[in-house]
Amino acid sequence: MAYEQWKESSEAGDECPLLPTSDLSKQSDSRRPKKDTSRRLIIGCMILLLVFLSVTNATTAIYLTRAMQDQWHQTYTSLESIEEYWTIFQTMTEFSSPDPAIVDAAWQQYVINGFVTLPNSWAEDRHWPAARSMPGNPSQGIYVVDGFHQLHCLMSIRDTVSTLIDGSHVHNRTHTMRHLNHCYDALRQAIICRADDTPLYVPKDTFWSGDGQQRRCRDWKALEDWVIRHTACQDPVGC
Ligand SMILES: *[C@@H]1O[C@H](CO)[C@@H](O)[C@H](O)[C@H]1NC(C)=O
């Protein structure tokens, strides 16, 4: 179909006076064809110019759009694309074990604090707010990678609840409440922002939604490695 159209227009183009045809040269009146020929020549050239400009304009627009998209894709971190992989979500893991020794050991694996240092120019390119400077290096700013911030909040909530369940009191109620309220909201905003659209199946015989279901995930280990390479601390585990 496309070829047919091209062929038709190409055949129509054969009649274009840009390429004088035998039909035109056959015409006996010597004045009018000349005038017609030059007018057609000008119109033909203008059409060609128009087509040329449209093509270059479209090419430029596509190139600019791609460049802008690339820029925005880089805004999580300078990792342009963290590897993704398939994994299986499970309702019961060591992180939800009823055995305190197992469950505490599991959560204690997450020790990287997520504070990194990045060049100010990197942030400027992305129109990010200027960050607190690294001590002794004003060209570098301090950032905390949000996944680590979110995990820290989740673990803080868990610690507080554990303390209260064990019958202990929190040391400073005002401070604890302020931190908890911040953490609830930070996690709420992260969840709403992602708007995860995975439909978790509800099993026939339990309510363990999504148990054993395949999920596509970004590679947390790759992000940890990146954070360690850019750490703002002498020791990425604790500043
Ligand atoms: C409790 O925390 C609040 C808020 O962080 C702080 O202003 C206050 O000084 C703290 N009180 C004590 C006794 O540490």
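The structure is a predicted model, in which local features need pLDDT of at least 70 and side-chain atom pairs count only at pLDDT 80 or more, whereas totals for chains, interfaces and linings use all residues. Residues are numbered from 1 along each chain as its sequence is written.

The chain contains eight helices and five strands, where helices (H or I, at least four residues) and strands (E, at least two) are DSSP runs that are numbered from the N terminus. Followed along the sequence, these elements give the pattern α-α-α-β-α-β-α-β-β-α-α-β-α. Burial is judged from C-beta atoms placed from the backbone: a residue is buried if 20 or more other C-beta atoms lie within 10 Å of its own, exposed if 12 or fewer, and partly exposed in between. Of the 239 residues of the chain, 5% count as buried.

Strand pairing is considered next, two strands being paired if DSSP finds at least two bridges between them. Strand E1, which covers residues 84-89, runs antiparallel to strand E5 (residues 213-218), and six bridges join the two. Within this pair, Trp86 stands opposite Arg216 of E5. Strand E1 is hardly covered, since the count of buried residues among its six residues is zero.

A further set of strands forms an open sheet of three strands, in which the order is E2-E4-E3 and the pairing is antiparallel. Its edge strands are E2 (115-119) and E3 (133-134), each of which pairs on one side only. Strand E4 (residues 137-144) is joined to E2 in the antiparallel sense over five bridges; along this pairing Val116 stands opposite Tyr143 of E4, and Pro119 has Gln140 in E4 as its bridge partner. On the other pairing, two bridges join E3 to E4, and these strands also run antiparallel, with Ser133 having Gly141 in E4 as its bridge partner. The hairpin of E3 and E4 has two residues between the strands, and in this hairpin Gly136 takes a positive phi near 80°. As a general point for reading such sheets, the side chains in a regular strand alternate between the two faces of the sheet.

Helix H6 (residues 146-165) packs against helix H7 (residues 173-194) at an angle of about 135°, with the axes 9 Å apart. H6 is therefore oblique to H7, given that angles under 35 degrees count as roughly parallel, over 145 as roughly antiparallel, 65 to 115 as roughly perpendicular and the rest as oblique. The crossing of H6 past H7 is left-handed, a term used if the near helix is turned anticlockwise from the far one by less than a right angle, with right-handed used if clockwise.

His127, in the loop between helix H5 (120-125) and E3, has a phi near 55°, a positive value in a residue other than glycine, and His127 is exposed because 8 other C-beta atoms lie within 10 Å. Ala195, which lies in the loop between H7 and E5, likewise has a positive phi, near 45°, as a residue other than glycine, and Ala195 is exposed, with 6 other C-beta atoms within 10 Å. Pro199 also lies in the loop between H7 and E5 and is exposed, having 8 other C-beta atoms within 10 Å. The C-alpha atoms of Pro199 and Gln213 are separated by 9.9 Å, while the two residues are 14 residues apart along the chain. Glu224, found in helix H8 (residues 220-229), counts as partly exposed because it has 17 C-beta neighbours inside 10 Å. Glu224 and Val145 are 79 residues apart in sequence, and in space they are 9.8 Å apart, C-alpha to C-alpha.

Finally, the residues around the ligand are Asn172, Thr174, His175 and Arg178, a residue being near a molecule or strand if its C-beta atom, placed from the backbone, lies within 6 Å of it. By class, this shell has no nonpolar, three polar and one charged residues, where Ala, Val, Leu, Ile, Met, Phe, Trp, Tyr, Cys and Pro count as nonpolar, Asp, Glu, Lys and Arg as charged, and the others, Gly among them, as polar.

Methods
Axes are lines fitted to C-alpha atoms, for helices over the stretch in contact, and angles run from 0 to 180 degrees between N-to-C directions.
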